[in-house]
Structures are given as structure tokens and as C-alpha cells.
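Please look through the model below with the sequence at hand.

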Amino acid sequence: MPTVPENAPEHCPGTGSEAAGKAEACAGCPNQSICSALPKGPDPAIEEIRHKLSNVKHKVLVLSGKGGVGKSTFTSHLAHALAEDAEKQVGVLDVDICGPSLPRMLGAEGETVHQSGSGWSPVYVRDNLAMMSVGFLLGSLSDAVIWRGAKKSGLIKQFLRDVDWDDLDYLVVDTPPGTSDEHLSLVQLLTGGGSGQGAGIDGAVIVTTPQQVALIDVRKEISFCRKTGVSVIGVVENMGEFVCPSCGEPSTIFPRTTGGAEKMCEDLGETFIGSLPLDPRIARSCDEGKSFLEEVPDSPAVKAFRSIVDKVVSFCEAKNGKKEDDTGETMMETEW
Ligand code: SF4
């Protein structure tokens, strides 16, 4: 397995990559002559991950252009909603390395991860809902993860390859905001860099708020998905309105100055899968590690959320059906 030296610069492409020793980041690196001479080829971890995740039916990424748009709230509740069906097994993987908030949102803060001969055992937050997060590996809540790109990529590889999930119907992956090294590593490892040899990804849900400054970054996120061959399941507009829990009257928080996410999706030919209103009871449920779907079933956000989840499930089931119909064709069509 390729290793990344401790002294590698931040944007090290990885010693096993085709670009090792030749990439822009390699200029001036003390390992350049060694890396240039190393044998090149596909990362063997791609096959290991494919094997490890062969019992996972659907893999869904949750992305956002910006932080603070409610991506982790969406991820945790997508998992809760999927796990409401007791027949379904759901896993959540939190690769938001610098801001892991899912342990708190899923009521698993303070849990520790156990290691067995076959890998890391995930933490179960209900009988059919398991999770793994870098938050479980931190010493304390206030510990910061100050890691460079190569080390973050190494942890993502470990998370994909070494977590001992049971058979899963859905694996929902929470990612950091933006399009960083972590996203590229994640997608490369799951898809085999477009080779069709990886475990595959059903698609990505992109979460945003309606204002233009957030939508600009969503366009970059969509561009990232297109370049890497990841299907966009749809765009979710979060916090479009505030609905007063007392009187039920809506008011606008972030004005849709350019038409909001729906108009952007129309312009880009992507699917808009729904708008979620802001309800302060959602934040309280998340802080308490509970599902707002169960805590405040009367919230207008719950109806909107369930409609979005139905669309995600329909997309994944349709994609799975298509895969089964295919005769050896891969999900990934884009060459990098
Ligand atoms: S030469 Fe390039 S690939 Fe090798 S360690 Fe340095 S940055 Fe990474």
C-alpha cells in the first residue's frame, strides 16, 4: 500500500498516484526523486474498499458549497428517516474531518470506537442505524484536527476500508463543505477514478441556502460532480423561510435575490428536490441528539423533509435497477 511521508507538502497527490513526483506540489519536496522512481498504478485500496463495501447497496454523498447551510442536520435526518423502516439497515460515515458534528446530532457523543481483527466497529445509535465519525477519535470536544491534506486523505481511506459495517441498505456520507482534497480522495477511492473498478456511488445530494453567495459555491459543487462523474441526485434548499412555531406564519431569512436554488437548477439542468423551512425546534432536536421527525412531527419542515427523502430513495432504487440491467457497464462514465 502506498504511504505518504510525514514531510510531504499539503497537496501531495499520494506516492502511489500517477502524478507522484511530477505534480506541481512535488516541486521542492524532499521525496521527489524517490517518488518519481516508484512504480505507478491504481491504488490497491480501491479494490479493498470495493470488497469491504460489497454488502452496501446504496452509497449517497451529502455535499455543500459552504459551511453553515445545514448539511450535517440534513445528513443525520436523512439517516433517521431511512432507518424508520425497521427492515432497512443504515450507516452514516462522517468524513467532515475538521468539523465532525454528527456524534452530537445522532446522540452518540462520548462514544468510543472499538477495534477488532476485522476493523473498526461502528457505533449503533439505534438497532438499524450505525455511524462512524472522526469525532470518536478525538480526545475531547474542543480538540482541533490540524492535519495536512495527505493525512486527511489517509484517514478517509481508513474509514472506507476498515469500518466493519454489517449488510447495509444505505451508507450516507457527510463531507466537509466545498471541494477539497478530502472530496477528491473520497470520490477517487469509491469510484476508482472513473475506472469503474471502485465500489461506486449512487449520487450526491447538495445542500444550500437560497442566497446568491451560497449558490455560487453550489455551482462549483455541481461542476465537481460533473468532472468526477458523480450523479447529482438533487439540490436541497435549506432555511428558505422561517416558520413561526407559534402562529405558523412564514417569513424570509435569506432572500432569493436570483431566484434561489430552484432557478439555479433550472438554469443548470439539475434536479431541485425541495425546500426546507427553518424551525428552531429542529436545532433543539439536533443539540439533544434526537430526530426532529419524531420530536416535532407537526413542523412544516417534516412534511418537506419526507418528500425529499422519498425522492432520494426513488433515485437510488432506479439507479440500482439500472445497474442490475447493465451488462458489465459501470456507473462511472467520466474519464479523469
Ligand atoms: S514528491 Fe510528490 S508525491 Fe512524493 S511525497 Fe512529495 S509531494 Fe507527495
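Where is the place of lysine 71? Lysine 71 sits in helix H3, which spans residues 71–83, where helices (H or I, at least four residues) and strands (E, at least two) are DSSP runs numbered from the N terminus. The model is a predicted one, in which local features need pLDDT of at least 70 and side-chain atom pairs count only at pLDDT 80 or more, while totals for chains, interfaces and linings use all residues. Residues are numbered from 1 along each chain as its sequence is written, and side-chain values use heavy atoms, with hydrogens and water left out.

According to UniProt, in an unreviewed entry, a "binding site" feature is placed at Gly65, Lys66, Gly67, Gly68, Val69, Gly70, Lys71 and Ser72; such positions are given in the numbering used here, feature names are shortened, and annotations may be inferred rather than shown by experiment. Within this annotated stretch, lysine 71 is buried because its relative accessible area is 6%, whereas glycine 68, with 72%, is exposed (buried means under 20% relative accessible area, exposed over 50% and partly exposed in between, with a 1.4 Å probe and protein chains only). Glycine 68 belongs to the loop between strand S1 (56–64) and helix H3. When neighbours within four places in sequence are left aside, the contacts of lysine 71 (heavy atoms within 4.5 Å) include Val62, Leu63, Ser64, Asp96 and Asp174.

The unreviewed UniProt entry also carries a "binding site" annotation that covers Cys244 and Cys247. Cysteine 244 lies in the loop between strand S9 (232–243) and strand S10 (250–252), and cysteine 247 is likewise placed in the loop between S9 and S10. Cysteine 247 counts as exposed because its relative accessible area is 53%, while cysteine 26, at 7%, is buried, and so is cysteine 29, at 14%. If a disulfide is taken as a pair of cysteine sulfur atoms within 2.5 Å, the count comes to zero.

Two packed helices are described by the angle between their axes and the distance between the axes. For helix H7 (residues 212–228) and helix H8 (residues 260–268), the axes come within 11 Å and cross at roughly 40°, the axes being lines fitted to C-alpha atoms over the stretch in contact, with angles from 0 to 180 degrees between N-to-C directions. H7 is therefore oblique to H8, since angles under 35 degrees count as roughly parallel, over 145 as roughly antiparallel, 65 to 115 as roughly perpendicular and the rest as oblique. Residues of H7, among them Leu215, Val218 and Ile222, meet residues of H8 including Ala261, Met264 and Leu268.
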